[in-house]
Amino acid sequence: GSGSNVMDYITISSTGDAADFGDLSATRYNHGGCSSATRGISAGGTSTTNVIEYVTIANTGNATDFGDLLAARHSHSGCANSTRGIFAGGNA
């Protein structure tokens, strides 16, 4: 697949088009995501990256390195609570 590094946001309490939030560090597709009330997390994507990145939801801006998955993978799922994020499944 082709992919993108673009992040958009919407304001849930009102209608309207998406606006630019910032960029991921690289073009990716099929990456997993999860969030808390404070951070949004993106992990993996494509079969060549194990990168985990985060954004602070209250502020627009580019993603910042958070750490690495144990292995590069894509098409996986993520879930989280206020303490822990989990990424499961996917393809190498």
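Residues are numbered from 1 along each chain as its sequence is written, and side-chain values use heavy atoms, with hydrogens and water left out. Because the model is predicted, local features need pLDDT of at least 70 and side-chain atom pairs count only at pLDDT 80 or more, while totals for chains, interfaces and linings use all residues.

The largest pocket holds about 250 Å³ of space. A pocket is here an open set of points on a 1 Å grid over the protein atoms alone, where a 1.4 Å probe fits, with protein on both sides within 12 Å along at least five of seven lines; lining residues have an atom within 4 Å of a point. Its volume is the space filled by probe spheres set on the points, which are joined across faces, edges and corners. Of the 15 lining residues of the largest pocket, Met-7, Phe-21, Gly-40, Ile-41 and Val-55 are the closest to its centre. At least two residues of this lining come from each of strands E1 (4-9), E2 (19-28), E4 (39-43) and E5 (51-56), strands being DSSP runs of at least two residues (E), numbered from the N terminus. The lining comprises nine nonpolar, four polar and two charged residues (nonpolar: Ala, Val, Leu, Ile, Met, Phe, Trp, Tyr, Cys and Pro; charged: Asp, Glu, Lys and Arg; polar: the others, Gly among them).

The second largest pocket holds about 220 Å³. Among its 14 lining residues, Ile-41, Phe-66, Thr-83, Arg-84 and Gly-85 are the closest to the centre. Strands E3 (32-35), E4 and E8 (85-88) each contribute at least two residues to this lining, which divides into six nonpolar, six polar and two charged residues.

Two aromatic pairs are found in the whole structure (ring centres of Phe, Tyr or Trp, the last by its six-membered ring, within 6.5 Å; planes under 30 degrees apart stacked, over 60 edge-to-face, the rest tilted). Tyr-9 and Phe-21 form an edge-to-face pair, 6.0 Å centre to centre with 80° between the planes. This pair links strand E1 to strand E2, its members being 12 residues apart. Tyr-9 is partly exposed at 35% relative accessibility, whereas Phe-21 is buried at 10% (buried: under 20% relative accessible area; exposed: over 50%; partly exposed: in between; 1.4 Å probe, protein chains only). The rings of Tyr-54 and Phe-66 have centres 5.9 Å apart and planes at 75°, so this pair is also edge-to-face. Tyr-54 lies in strand E5 and Phe-66 in strand E6 (residues 64-68). Tyr-54 is buried at 18%, and Phe-66 is partly exposed at 44%.

Technical notes. Helices (H or I, at least four residues) and strands (E, at least two) are DSSP runs, numbered from the N terminus.
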